[in-house]
Amino acid sequence: MQPDVVVMGAGIIGAACAQALRARGLRVVVLDRHGPASGTSAAGEGNVLVSDKEPGPELELARASRDLWPELAEDAEWEEKGGLVVATTPEAVVPLQTFAAKQRAAGIDACEITTADALTCEPHLSPDITAAVHYLQDAQLNPVKATRALLRGIEVRRTEVSTTDGRGVTTPDGVISCGAVVNATGPWARNFGVNVLPRRGVVLVTTPIPGTIRHKVYDADYVGAVASGDADLQTSGVVESTQAGTVLIGSSRQRKGFDDTIESRVLKALALKAIALFPMLTNVPVMRAYGGFRPYAPDHLPIIGEDPRTPGLWHATGHEGAGVGLAPATGRLLAQLLTGETPLVDPHPFRVDRPEVMV
Amino acid sequence: MRVVVVGAGPAGMAAARTAADAGAEVVMVDSEPDAGGQYLRGRARFSHTGVTHLRNTEVWMVEGNTLHLRGPSDRRGESRENEAPSAVAAAPCAATATPSAAAATPSAVAATPSAVPATPSAVPATPSAVTATPSAAAATPSAVPANPRLLHFDALVVATGAYDRPLPFPGWDGPGVITAGAAQALAKQGVTLAERVIVAGTGPFLLPVATALQDLGATLVGVYEASSPTRWLREAKAITANRHKIGELAGYRKVLPRLETRTAVIAKHGDRVTVAKLDSQWRPVSHRTVQADLVCIGYGFLPRTDLLPDASRTDDFYDVDEHQRTSIEHVYAAGEVTGIGGADLAEAEGVIAGAAAAGQEPPRKAVEAVRKGRLFAQALARAHAVQPGWRTWPAPDTTVCRCEKVRLEDLADASSMRELKLTSRVAMGRCQGRICARNAAELTGVPFDGQRRVIAVPIPLGELAALPEEK
């Protein structure tokens with residue numbers, strides 16, 4: 001039977017779109033060349049963050065998603081661990097506090113705490129930190145399990161789409177006709193007409209040290225690194241544990257196409273920043289490093305909506321490093337727009353018809 | 001020009017000698033205190049003009065034409081916990097710290113609860129697994145500093161060998177089960193492991209292991225070969241080209257009466273071992289119980305191919321051309337990393353790789369030896385291929401991944417290795433799937449994609465932070 005909607009991409013965004021469309025009674029088929037969560041979704045840390053977003057449309061999308069996740073991620077190691085953002089220099093104190101105050105005004109639980117309290121929260125944190133803000137809403141999940149949970153009961157076919165006209169997709173096995181097509185191909189979305197570029201990131205994984213690091217802890221300069229559009233290597237200290245006890249260490253940003261080599265200078269920079277936050281990590285072995293590609297839109301906003309040039313082709317991409325956190329609201333927004341419901345957030349900022357996005 | 005050889009087994013030593021004789025400046029890097037690899041275990045007495053031997057040194061990453069090294073001073077004082085898969089390494093260490101004492105008290109190892117299945121470190125290249133006190137690094141010529149962190153090469157020869165593949169069955173992760181390679185390594189050092197031993201698996205390697213254990217006074221309960229010897233009847237061409245291999249069998253005649261084919265250990269509880277007769281697909285057709293203290297298992301070998309994650313591989317073995325060239329420019333591979341064929345084939349491949357790396361035509365004799373040896377290697381791979389029926393041996397609660405304690409029933413259906421790992425945590429622990437990934441893939445039907453490990457051995461964050469800046 002012909003599907004109502006074909007979703008291209010079985011990552012966290014494609015899965016969330018498929019889930020929301022199916023919940024509205026539509027017949028959905030998801031296509032992916034490598035299977036569920038085989039690209040960007042599995043290459044991150046599974047973060048659901050509000051702490052790193054300044055007030056604006058993306059924060060609204062993040063808040064809406066944060067409300068939806070707990071129910072959807074029940075079987076996906078959902079953990080409301082909280083985020084701890086710290087300043088590491090005297091100069092960084094005021095910008096961090098100003099940023100947190102703006103977020104509080106927008107309704108975010110951003111609690112300024114003393115450095116002594118921060119050290120109580122995180123006993124191994126460097127005593128040299130200069131300020132700390134505790135974000136109660138930050139959470140984490142296992143992105144592969146979350147993707148699978150969203151895709152439950154939905155047909156996923158392993159195939160690659162070459163072209164689409166919004167009324168069908170062409171695969172090596174033939175054309176699949178449908179009512180609408182969703183482009184949720186993340187960093188590969190450019191193949192279907194939107195200006196999304198890959199932005200490289202690398203994560204280090206240590207051997208397990210359960211219970212040592214409790215929150216997501218990151219340096220306040222992270223927010224600046226995320227917002228930057230620089231192609232050169234940028235790193236910022238981001239440290240957190242997984243439920244298995246391993247510690248994940250990020251973050252790096254580099255624009256170098258789909259080059260997936262891992263450079264020792266990136267490993268070095270990440271190690272230096274992690275040790276600056278947690279000196280005890282010096283002697284902890286790294287057993288693995290992995291990298292991925294964030295889907296980067298030059299104006300740093302997700303792209304969610306119908307393509308005015310190709311009726312029937314919808315885009316849901318450009319979430320950069322926040323796809324896991326933004327997925328449920330993205331899926332719901334897309335499904336609401338597609339079915340003519342009232343959208344849960346203002347869709348206008350995410351429209352496809354933006355000068356930086358149309359290619 | 002500088003040729004760097006990684007690994008000092010038969011292939012690596014041959015490559016180093018040949019490249020040096022061809023006029024190259026050669027550095028041979030190896031994680032053990034002495035050359036010889038698994039095969040010769042420190043008995044090689046390697047010394048060759050023009051070759052600098054960097055001992056006790058691990059290569060943790062290859063980046064462009066630079067190796068990242070960890071030498072003895074980096075690793076000194078490191079807690080054993082911090083080493084690569086250590087759960088098992090603990091056993092050999094305990095045994096070898098005082099080899100004579102262990103030999104005098106045969107049960108020393110078997111009694112240790114952790115004298116167990118092998119992770120790669122117990123067996124091949126990982127350095128200190130077996131030797132508790134590495135000797136000091138040798139004095140090195142001036143061209144290479146004593147303990148370099150970075151080593152540039154004009155050509156690289158990777159000869160890092162292979163390690164035994166265990167297959168899981170109920171009890172394989174308990175006491176008294178080790179890999180055949182670990183058993184042989186200990187036996188070569190004169191360590192007696194237990195009184196009543198079983199050697200089980202597939203391939204001719206089981207015979208020297210059984211012989212070594214018997215020579216040390218162990219009672220050989222059985223040597224169980226899962227495949228049928230009749231498979232070799234189809235391999236006349238390979239046998240004709242490698243007649244000397246048949247002569248080698250004579251050296252193991254003492255253990256041949258204990259050899260049973262189409263037989264495997266499929267469970268071990270205490271000293272009660274379930275031994276099954278198998279059909280051609282390795283499905284058990286009948287079984288009996290025997291008593292043994294130690295079961296040594298080896299179902300072929302898995303290549304140690306971590307150093308070149310981007311090199312083209314088939315079934316995880318490096319693809320090489322007639323000059324032992326990998327798919328990566330200026331990088332060669334020799335020995336068991338290109339296929340399992342024994343020490344003489346490894347050595348001949350080393351000669352070719354060493355010559356080619358130094359810019360010379362390989363000697364005709366080595367080329368001929370490789371041609372014949374590969375016939376044997378291919379026949380070996382066919383005759384002793386692991387058959388799918390082994391998947392019926394583990395019970396739902398049998399451990400598949402020891403590091404993360406993942407049981408067979410925890411393996412969810414998945415469409416890729418990555419999905420399987422991230423949903424079940426199989427292959428996500430200390431050994432990073434070196435032991436379990438292949439088994440987990442076969443158990444679930446997920447395509448085995450050859451793991452891509454950027455960091456070949458665990459390395460403390462402090463060392464990463466102190467990496468020298470590249471100019």
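**Entry 1: polar contacts between the chains**

I looked up the polar contacts between chain A and chain B in this predicted model and found 14 residue pairs, both residues at pLDDT 80 or more. A polar contact here is a pair of N or O atoms within 3.5 Å; within protein, one must be able to donate a hydrogen and the other to accept it, and residues adjacent in sequence count only if both atoms are side-chain atoms. On the side of chain A that touches chain B, the elements giving two or more residues are α5 (143-150), β13 (197-206), α7 (264-277) and β17 (285-296) of chain A. Helices (H or I, at least four residues) and strands (E, at least two) are DSSP runs, numbered from the N terminus. By class, I noted 19 nonpolar, 13 polar and seven charged residues on that side. Ala, Val, Leu, Ile, Met, Phe, Trp, Tyr, Cys and Pro count as nonpolar, Asp, Glu, Lys and Arg as charged, and the others, Gly among them, as polar.

Conventions, for the record. Residues are numbered from 1 along each chain as its sequence is written, and chains are lettered from A and ligands numbered from 1 in the order in which they are written. The model is predicted, so local features need pLDDT of at least 70, side-chain atom pairs count only at pLDDT 80 or more, and totals for chains, interfaces and linings use all residues, while side-chain values use heavy atoms, with hydrogens and water left out.

**Entry 2: area and salt bridges between the chains**

I find 39 residues of chain A in contact (heavy atoms within 4.5 Å) with 34 residues of chain B. The two chains bury about 3000 Å² between them, 56% of it on carbon and sulfur atoms. Buried area is the accessible area (1.4 Å probe) that two parts lose on being put together, summed over both. In chain A, Arg148(A), Lys268(A) and Met287(A) lose the most area to chain B, together 21% of what that side buries.

The rule finds two salt bridges across this interface. A salt bridge is a side-chain nitrogen of Lys or Arg within 4 Å of a carboxyl oxygen of Asp or Glu. Arg148(A) also turns up here, in a salt bridge with Asp413(B) at 3.7 Å, N to O.

**Entry 3: a strand pair across the interface**

I checked β17(A), and it pairs with strand β23 (residues 459-460) of chain B in the antiparallel sense over two bridges. Two strands pair if DSSP finds at least two bridges between them. Ile459(B) in β23(B) is the bridge partner of Val286(A).

**Entry 4: the domains of chain A**

The assignment gives domain 1 (5-46 + 143-196 + 299-350) and domain 2 (83-136 + 197-296) in chain A. Domain bounds come from an automatic or database domain assignment. I note 29 Å between the C-alpha centres of the two domains. In contact are 17 residues of domain 1 and 21 residues of domain 2, and about 1400 Å² is buried between these domains, 61% of it on carbon and sulfur atoms. Glu45(A), His300(A) and Glu320(A) supply 45% of the area that domain 1 buries against domain 2, more than any other three residues.

How many salt bridges join the two domains? The count is one. I also looked up Glu320(A), which forms a salt bridge with Arg199(A), the closest N and O atoms being 2.4 Å apart.

**Entry 5: the domains of chain B**

Chain B is assigned domain 1 (2-71 + 148-162 + 302-362), domain 2 (167-298) and domain 3 (394-470). The C-alpha centres of domain 1 and domain 2 lie 30 Å apart. Their contact takes eight residues from domain 1 and five residues from domain 2. I read a buried area of about 410 Å² for this pair, of which carbon and sulfur atoms give 38%. In domain 1, Arg41(B), Arg43(B) and Asp344(B) lose the most area to domain 2, together 75% of what that side buries. Helix α2 (residues 37-40) of chain B gives the most to the domain 1 side, with three residues.

**Entry 6: a hairpin in chain B**

Strand β14 (residues 272-278) and strand β15 (residues 284-291) of chain B run antiparallel, joined by seven bridges. Thr289(B) in β15(B) is the bridge partner of Thr274(B). Five residues lie between the strands of this hairpin, in which Trp282(B) takes a positive phi near 70°.

**Entry 7: salt bridges overall**

One joins the side chains of Arg152(A) and Asp75(A) at 3.3 Å, N to O. Arg152(A) lies in the loop between α5 and β8 (155-158) of chain A and Asp75(A) in the loop between α2 (57-72) and β4 (83-87) of chain A, so the pair ties together parts that are 77 residues apart in sequence.
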